[in-house]
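Here's a quick tour for anyone meeting this structure for the first time. Take a look, then read on.

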Amino acid sequence: MAQLDAYQSLQTLLLSVPDPRRARGLRHPVADVLFMALVAIISGAEDAEAIEDFANENEAWFAQRCGLRHGIPSQDTFLRVLAAMDPKAFSECFDRWVAELWGGPPERHIAIDGKTLRRSFDRALGQSPVHSVAAYATELGLVLGQVSVDAKENEIVAIPRLLTRLDLNGATVTIDAMGCQTAIAKAIREGGGHYLLHVKDNHPTLRRQIAGFFQDAHREGRPKDQPAPTIAEITVTDAGHGRVEVRRCELSTDLSWVDDRASWTDLGCIIKVSRERQLKASDKATHEHDFYISSDPSLTPERAENLARNHWAIENGLHWVLDVTFDEDGSRIRTKHAAENLAIIRRAALNLLKTAPSPKKTKAAISVVRRRRFCLMNSAYREVVLRMAAPTDA
């Protein structure tokens, strides 16, 4: 991985992002303010006061990179900049910047899902909580991009905007039932990717037809002139966490049962995933099944089951980490665009932390929590995370 100077690359990209403040009386360049906020968040800060405190305690370190002609900005300055920045331009800038820094291999599985910042609402101003849709590379554990969902729209409108900002060539995109829309399927295919979409009750006819197909395929006593359709399937058994789970994935490229198949761009196969879980302690068993459609006619049951299961890595690897490690749901920052822009910085910080090597003092990979702690205590490791130094330096 090429080592880049994070501050210099960020400063260059921020030239394309308009500074929302009036030019008269500006004391702190916007790149300096945002860079200090990012470094503080990487090192464990979670609000504007903590960002200011961290910057003050590391003033000499920041002075070597930012100059600080007017000292450290106050927490009010950090908040004003975050509140005024255009989230769309800011998000696109950070997407390009982080992509340059981590330079990972092409992503193959992209999971898309939405998240609400629970405490970003303001009843007095009639402001709804910030809701955004993120794209997550499950095999890399990285955020590829995010867009906000405006108060008067929903994820169905926001997802196509996010797709236009992603390199979908050769990737498979998975989305839950909200994103199971013909327009979204078309956008994924036009971007060069394949889709795997979860079919639920928002498409009752499609769901009923797919369920009927797999039910008929297993019908006993079939007439000789009505042979069972060809189905590829796999069964996987996992034991752990006090339970045994048996997953069965069935896949067919026979689309004769799908009446509106022409509406789904390049529809290639239909899928059923059944799950049976048995708790060891109580011997209680649960059964459930889900249905999917995909544009990939070469998809195997093994790959389909893996994609369906790994889609929820976005919950465990992104949303859960942001809430537990970065306390995102607990953040009370809500002025104008501040909550949304801070969320963008958190995701950039998470990408940098995940792609950095563990400190040389540790013998194995460590959690994001410990990486943040090392960044707080060890400036050399902080520079490794920020790609300012080679891994051997920390």
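## Before we start

Two residues count as in contact when they have heavy atoms within 4.5 Å of each other. Keep in mind that this is a predicted model.

## The cores

Let's begin with the largest nonpolar core, which has 63 residues. The members that touch the most others are Leu34, Leu38, Ile42, Phe62, Phe94, Phe326 and Ile345. Helix H2 supplies the largest share of this core, with twelve residues. Apart from it there's another core of 37 residues, including Leu144, Leu166, Leu197 and Ile293. In soluble globular proteins, nonpolar side chains tend to be buried together.

What is Leu38 in contact with, leaving aside its neighbours within four places in sequence? The list runs to Phe94, Trp97, Ile345, Ala348, Ala349, Leu352 and Leu386.

## One side of H13

Now for helix H13, residues 368-377. Its buried residues are Val368, Arg371, Arg372, Phe374 and Cys375. They sit on the same side of H13, because they cover an arc of only 160 degrees around the axis. What do these buried residues pack against? Their partners are helix H2 (30-42), helix H12 (338-355) and helix H14 (379-385).

## Two positive phi values

Asp266 isn't a glycine, yet its phi is positive, near 55 degrees. You'll find Asp266 in the loop between strand E7 (243-252) and strand E8 (269-279). Is Asp266 buried or partly exposed? With a relative accessible area of 43%, Asp266 is partly exposed.

Arg387, also not a glycine, has a positive phi near 65 degrees. Arg387 lies in the segment after H14, and its relative accessible area of 2% makes it buried.

Key:
Residues are numbered from 1 along each chain as its sequence is written. This is a predicted model: local features need pLDDT of at least 70, side-chain atom pairs count only at pLDDT 80 or more; totals for chains, interfaces and linings use all residues. Side-chain values use heavy atoms; hydrogens and water are left out. Buried means under 20% relative accessible area, exposed over 50%, partly exposed in between (1.4 Å probe, protein chains only). Helices (H or I, at least four residues) and strands (E, at least two) are DSSP runs, numbered from the N terminus. The arc is that of the directions from the helix axis to the C-beta atoms. A nonpolar core is a set of buried Ala, Val, Leu, Ile, Met, Phe, Trp, Tyr and Cys residues joined through side-chain atoms within 4.5 Å.
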